[in-house]
Amino acid sequence: LTPTGSTSTKVELRGNVLLLECIAAGLPTPVIRWIKEGGELPANRTFFENFKKTLKIIDVSEADSGNYKCIARNTLGSVHHVISVTVKAAPYWITAPRNLVLSPGEDGTLICRANGNPKPSISWLTNGVPI
């Protein structure tokens with residue numbers, strides 16, 4: 001079974017294509033099956049290539065992080081490998097700040113919500129000077 005050993009790790013960026021490969025040898029030729037431990041493979045974004053040797057998930061998000069197991073089985077037995085996947089993300093807007101026009105003496109609220117992995121820090125500046 002390739003990769004060798006019982007576990008390996010993979011890091012991918014949010015929005016990219018995640019490719020996981022599992023190549024098994026045996027006689028009779030083993031059938032490969034993929035599962036996500038504690039979850040489901042995303043139905044509309046998951047594809048299999050090379051006779052299921054490659055698991056392809058398009059447009060990955062942080063929710064796709066987790067342990068993926070490939071299982072190779074034939075009539076004589078089975079072997080498996082777990083790939084621990086971490087999806088990282090550059091900061092992105094959940095709610096971007098919008099322009100605010102106020103009259104003198106009027107109050108207003110600016111909202112800024114961002115996410116990423118690792119979680120980004122948010123700083124507020126006025127004319128380039130930290131508040």
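Trainee: Which residue forms a salt bridge with Glu 37?

Mentor: This is a predicted model, where local features need pLDDT of at least 70, side-chain atom pairs count only at pLDDT 80 or more, and totals for chains, interfaces and linings use all residues. Residues are numbered from 1 along each chain as its sequence is written, and side-chain values use heavy atoms, with hydrogens and water left out. A salt bridge needs a side-chain nitrogen of Lys or Arg within 4 Å of a carboxyl oxygen of Asp or Glu. The closest N and O atoms are 3.8 Å apart, and the partner of Glu 37 is Lys 69.

Trainee: How many residues apart are Glu 37 and Lys 69?

Mentor: Glu 37 sits in the loop between strand S3 (31-36) and strand S4 (46-49). Lys 69 belongs to strand S6 (residues 66-74). Strands here are DSSP runs (E, at least two residues), numbered from the N terminus. The pair links distant parts of the chain, and the separation is 32 residues.

Trainee: Are Asp 64 and Arg 45 buried or exposed?

Mentor: Their side chains meet in a salt bridge at 3.0 Å, N to O. Asp 64 lies in the loop between strand S5 (54-57) and S6, Arg 45 in the loop between S3 and S4. Buried means under 20% relative accessible area, exposed over 50%, partly exposed in between (1.4 Å probe, protein chains only). By that rule, both Asp 64 and Arg 45 are buried.

Trainee: Why does Lys 56 count as partly exposed?

Mentor: Lys 56 pairs with Glu 49 in a salt bridge at 3.4 Å, N to O. Glu 49 is partly exposed, with a relative accessible area of 32%. Lys 56 counts as partly exposed because its relative accessibility is 24%.

Trainee: What area do domain 1 and domain 2 bury between them?

Mentor: The bounds, from an automatic or database domain assignment, are 6-89 for domain 1 and 91-130 for domain 2. Buried area is the accessible area (1.4 Å probe) that two parts lose on being put together, summed over both. Carbon and sulfur atoms carry 41% of it, and the total is about 440 Å².

Trainee: Which residues of domain 1 lose the most area to domain 2?

Mentor: Six residues of domain 1 are in contact (heavy atoms within 4.5 Å) with five of domain 2. Three residues together give 74% of what the domain 1 side buries: Arg 14, Glu 62 and Ala 89.

Trainee: How many salt bridges does the rule find across the interface of domain 1 and domain 2?

Mentor: The structure holds four salt bridges. Across the interface of domain 1 and domain 2, the number found is zero.

Notes
Helix = DSSP H or I, 4+ residues; strand = E, 2+ residues; numbered from the N terminus.
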